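Let us walk through this structure step by step. We begin at one residue and widen the view from there.

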Amino acid sequence: MDALLFNVTTAGLMVLMFKAGTTLNGPDPLRTHRVPLVAAGLTAIALLAVLTQLCWPGAMDTFDSDPSKSGWWRVVTSVFMQNGGFLGAAWNIATLAVIAALAEWFWGSYLTAAFFAAGILLPQHIDALFGLSDRSTVDPRNFAGSSGATYFLGATLAAGLLLWRTPGLATEPKARMLALAVPALGLTMWLTQSNGHGLVAVYGFTLACAVALWRRTRPPSTRREASAGGQRPLEERQ
């Protein structure tokens with residue numbers, strides 16, 4: 001029963017982040033936005049990593065993030081290794097592709113890549129800062145799997161929905177409630193289940209809120225230059 005509840009809440013959090021992303025990007029983003037190159041690249045790397053696992057039995061031992069093994073690269077390469085069987089790998093890669101595309105269409109290429117990298121590198125340091133590293137947990141960042149970085153990235157969409165004022169959209173109470181539901185559910189999942197997907201979602205939401213507020217304080221010309229990697233400056237969507 002506990003395992004079922006874990007899976008249901010984890011999937012539910014993903015649904016909320018997906019809904020936040022589709023609300024930001026419109027009902028038919030595939031027809032109204034350019035090809036998301038960063039999302040395509042991340043998905044291609046994840047697929048190549050799975051193919052490597054299928055062809056090379058030693059891939060997991062070489063690239064996972066087992067703390068008993070040495071290797072500075074493991075924190076990065078482990079993200080693209082999958083250890084949840086066929087269904088787990090399919091879910092991780094599909095959600096990575098969708099969430100990364102939604103993020104790129106809203107945040108732009110550069111910020112999406114930066115947020116994904118932050119989802120790989122930051123959580124372990126934040127955990128250590130708050131003394132969470134030694135807690136027994138079913139953390140998605142342990143050993144292998146892309147879900148941790150994907151949930152971190154997905155939560156940035158909720159922050160965008162909360163803070164960027166799109167007339168008739170982000171100012172609506174329902175949109176705000178949807179945005180706030182992501183960190184609220186994430187924190188609840190962590191406190192009640194030790195579910196690391198929820199914790200990294202809170203991290204991603206917090207970082208994206210800080211970035212969004214910081215961007216608002218910059219001169220318009222600087223913001224436009226920083227948005228070159230995206231479809232258009234975020235400020236124009238307000």
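Start at F116. Leaving out residues up to four places away in sequence, F116 touches L42, V79, F80, L96, A149, T150 and L153. Contact here means heavy atoms within 4.5 Å. The model is predicted: local features need pLDDT of at least 70, side-chain atom pairs count only at pLDDT 80 or more, and totals for chains, interfaces and linings use all residues. Residues are numbered from 1 along each chain as its sequence is written, and side-chain values use heavy atoms, with hydrogens and water left out.

Buried means under 20% relative accessible area, exposed over 50%, and partly exposed in between (1.4 Å probe, protein chains only). Helices (H or I, at least four residues) and strands (E, at least two) are DSSP runs, numbered from the N terminus.

Now take two of these helices. α3 and α6 pack at an angle of about 165°, with their axes 8 Å apart. Therefore α3 is roughly antiparallel to α6; the cut-offs are under 35 degrees for roughly parallel, over 145 for roughly antiparallel, 65 to 115 for roughly perpendicular, and oblique for the rest. Axes are lines fitted to C-alpha atoms, for helices over the stretch in contact, and angles run from 0 to 180 degrees between N-to-C directions. On the α3 side, the residues that meet α6 include L42, A46 and V50; among their partners in α6 are L96, A100 and E104.

Next, turn to R74 in helix α5 (residues 74-77). R74 is buried, with a relative accessible area of 9%. A polar atom of its side chain lies 3.0 Å from the backbone oxygen of D61. The R74 side chain also reaches the backbone oxygen of T62, at 3.1 Å.

Finally, step back. The protein chain has eleven helices and zero strands. Buried residues make up 49% of its 238 residues.

Conventions
Polar contact = N/O pair within 3.5 Å; in protein donor to acceptor, adjacent residues only side chain to side chain.
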